[in-house]
Amino acid sequence: MPTPPGLDRRSVAADTATIAAADLLSAAARSGTPCAPVRDLIGSDDVAAAYAVQELLTAERIAAGARLVGRKIGLTSPAVQRQLGVDQPDFGVLFDDMRYRQDTPVPLSRLLQPKVEAEIAFVLGADLADGPLDDEQVRGAVDYAVAALEIVDSRIAGWDITFGDTVADNASSGLYVLGTERRTLDSFEPVTARMRMSIDGVEVSTGTGAACLGDPLHALAWLARTTHEFGRPLRAGQTVLSGALGPMAPIQGPGTVTADITGLGSVTATFIRE
């Protein structure tokens with residue numbers, strides 16, 4: 001996979017199309033009004049161009065005071081990959097202001113067109129910056145696993161996205177919530193987990209650990225290798241949302257989402273209008 005250049009607005013590498021796409025997505029996030037797809041600017045499947053936009057937006061967030069606390073993996077479902085015509089996952093950045101505690105309601109005003117999916121999150125106890133970055137090393141780097149809800153969102157109107165659009169838009173990231181039950185991998189096997197997610201008590205999604213690239217730890221290994229290639233390796237203390245265990249569900253108004261994941265307990269997010 002090509003490595004995107006390090007970009008800022010002073011860099012000659014930050015070409016006009018990259019800046020225009022970043023400006024469009026940034027304006028949509030600030031205004032709360034979704035924008036047109038950016039694929040007309042950067043292409044539908046130009047991996048380097050899409051990550052260059054994401055890198056530029058990440059640099060701007062950090063310059064404004066945001067702190068990078070982890071990564072998210074998207075497009076882990078073969079069905080979704082086929083839908084977008086790609087054969088690989090993607091990744092985005094988690095910032096410190098994206099996490100909500102279970103006891104803190106999520107204001108819908110922070111989101112444009114949210115959907116929710118249940119995942120296994122891994123918190124790293126060691127860097128994944130050197131070595132073979134194989135399954136054994138990656139497994140050993142995990143401090144613990146925890147149930148998670150990822151609230152995905154798109155700055156692009158109507159979720160009219162291709163691979164290039166979603167990657168540029170920070171892999172369609174929104175917010176996330178972590179559960180409280182932490183399990184080491186000595187006592188929890190991600191691939192065998194079963195998930196059930198409900199909204200206001202109505203089941204909306206089910207799935208298994210195997211639905212996430214065959215094993216959530218395979219997704220984590222993919223991310224470790226890919227971010228290493230990009231010169232942005234995973235570090236101890238970071239949180240990784242490893243990908244959906246089942247179909248996502250739209251958030252259409254105030255309500256409570258709960259996901260139960262065997263071995264990890266439950267995780268809940270409550271959405272409100274302010």
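Reply: **The second largest pocket and its setting**

The second largest pocket holds about 480 Å³ of space. A pocket here is an open set of points on a 1 Å grid over the protein atoms alone, where a 1.4 Å probe fits and protein lies on both sides within 12 Å along at least five of seven lines; its lining residues have an atom within 4 Å of a point. Its volume is the space filled by probe spheres set on the points, which are joined across faces, edges and corners. The model is predicted, so that local features need pLDDT of at least 70 and side-chain atom pairs count only at pLDDT 80 or more, while totals for chains, interfaces and linings use all residues. Residues are numbered from 1 along each chain as its sequence is written, and side-chain values use heavy atoms, with hydrogens and water left out.

The second largest pocket is lined by 26 residues, and those nearest its centre are Leu75, Val80, Glu117, Trp159 and Met248. Two or more lining residues come from each of β1, α4, β5 and β10, where helices (H or I, at least four residues) and strands (E, at least two) are DSSP runs numbered from the N terminus. By class, the lining of this second pocket divides into 13 nonpolar, eight polar and five charged residues; Ala, Val, Leu, Ile, Met, Phe, Trp, Tyr, Cys and Pro count as nonpolar, Asp, Glu, Lys and Arg as charged, and the others, Gly among them, as polar.

Leu75, one of the residues nearest the centre of the second largest pocket, is found in the loop between β1 and α4. Leu75 counts as buried because its relative accessibility is 13%, with buried meaning under 20% relative accessible area, exposed over 50% and partly exposed in between (1.4 Å probe, protein chains only). The backbone of Leu75 has a positive phi of about 55 degrees, although Leu75 is not a glycine. Most residues other than glycine have a negative phi. Ser172 also has a positive phi of about 55 degrees without being a glycine; Ser172 sits in the loop between α6 and β7 (175-178), and its relative accessible area of 4% makes it buried.

Thr76 lies in the loop between β1 (68-74) and α4 (78-84), and Thr76 is likewise buried, with a relative accessible area of 4%. Leaving aside residues up to four places away in sequence, Thr76 touches Gln81, Ala211, Cys212, Leu213, Ala219, Ser242, Gly243 and Ala244, where a contact means heavy atoms within 4.5 Å.

For orientation, the largest pocket has a volume of about 640 Å³, and the closest to its centre among its 26 lining residues are Leu25, Ala29, Arg30, Arg61 and Arg155. Helices α1 (16-31) and α3 (47-63) each supply at least two residues of that lining, and α3 gives the most to it, with five residues. The lining of the largest pocket has ten nonpolar, eight polar and eight charged residues.

Leu220 touches Ile73, Phe122, Leu124, Val138, Val142, Leu234 and Val240, not counting residues up to four places away in sequence.

Finally, the whole structure has eleven salt bridges, each a side-chain nitrogen of Lys or Arg within 4 Å of a carboxyl oxygen of Asp or Glu. One of them joins the side chains of Arg235 and Asp127 (3.2 Å, N to O), a pair that links distant parts of the chain, 108 residues apart: Arg235 is in the loop between α7 (216-229) and β10 (239-244), and Asp127 is in the loop between β5 (115-124) and α5 (135-141). Both partners are partly exposed, Arg235 with a relative accessible area of 38% and Asp127 at 41% relative accessibility. Another salt bridge joins the side chains of Asp160 and Arg39 (3.0 Å, N to O), with Asp160 in the loop between β6 and α6 (163-168) and Arg39 in helix α2 (residues 39-42), 121 residues apart.
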